[in-house]
Amino acid sequence: MTSDSGRERILDAATRLFAELGYDGTSTRQIAEAAGLNIATVAYHTGGKRDLYLAVMERAHRAERAALETALADLTPDAAGILALVDRYVDFCAAHPEIPALWMHRWQSDASDIADLEARYVEPLMEAVVREVGAAVGDDADVEYVTWTVIWCTHGFARGGVLRGDGLRHRMDDPAALARFRANLHRLVLAGLGLDARAAL
């Protein structure tokens, strides 16, 4: 096993466990077992648990930033363009459900001793979205809160889903539930930004 492959294997295992159990609920031993390695090998490749968590969050941020930068570059200054941006974000979260899960744990004070990740990672992306969407819709809408609403709703749906009478939670891996969520989110965004739904067709 090369150093790079070993590190990626550990990061993959740590990402899954941090997303499911949170930083505080995950031990280095669990990560080592999930990666099929011993604790000494994990420490050699990634350092301690804190170092590993920082590496996981940085990798998640790089993936999210790359997707968002591409989506913003394609943004057109109209309702259809803004909904396309929303869809790109939903699609990203559906493809990488571990990333909303990591951030939702932090919303619940997980890893509270590591306090600067929001300022380092979240705020610059928020500022970019608010700036670009704000330029498209003008000053009348509260673009910042609409953007947060998209994040809150998307992360909540990714983790909690909806109950449909069968006792099961239907999340982003359910195409029908995802389609209904997307349509509802479109309505929320259009209303929040004061845009005409007909213009998005």
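Guide: A word on naming before anything else: helices (H or I, at least four residues) and strands (E, at least two) are DSSP runs, numbered from the N terminus. This is a predicted model, in which local features need pLDDT of at least 70 and side-chain atom pairs count only at pLDDT 80 or more, while totals for chains, interfaces and linings use all residues. Residues are numbered from 1 along each chain as its sequence is written, and side-chain values use heavy atoms, with hydrogens and water left out.

Visitor: OK, what comes just after α6?

Guide: Just after α6 comes Ser-109, which takes a positive phi of about 70°.

Visitor: And how many residues of α6 itself are buried?

Guide: Helix α6, which spans residues 98–107, has eight of its 10 residues buried, where buried means under 20% relative accessible area, exposed over 50% and partly exposed in between, using a 1.4 Å probe and protein chains only. Among the buried ones are Trp-103, His-105 and Arg-106.

Visitor: Let's switch to α5. At what angle does α5 pack with α8?

Guide: Helix α5 (residues 79–95) and helix α8 (residues 143–160) pack at about 30°, with their axes 10 Å apart; axes are lines fitted to C-alpha atoms, for helices over the stretch in contact, and angles run from 0 to 180 degrees between N-to-C directions. The two helices are therefore roughly parallel to each other, given that angles under 35 degrees count as roughly parallel, over 145 as roughly antiparallel, 65 to 115 as roughly perpendicular and the rest as oblique.

Visitor: Which residues meet there?

Guide: From α5, Tyr-89, Val-90 and Cys-93 meet Val-150, Ile-151, Thr-154 and His-155 of α8, with contact meaning heavy atoms within 4.5 Å.

Visitor: Is Asp-87 buried or exposed?

Guide: Asp-87, which lies in helix α5, counts as buried because its relative accessibility is 19%. Once neighbours within four places in sequence are left aside, Asp-87 is in contact with Arg-182 and His-186.

Visitor: Where does Gly-36 lie?

Guide: Gly-36 lies in the loop between α2 (28–35) and α3 (39–46), and it counts as exposed because its relative accessibility is 54%.
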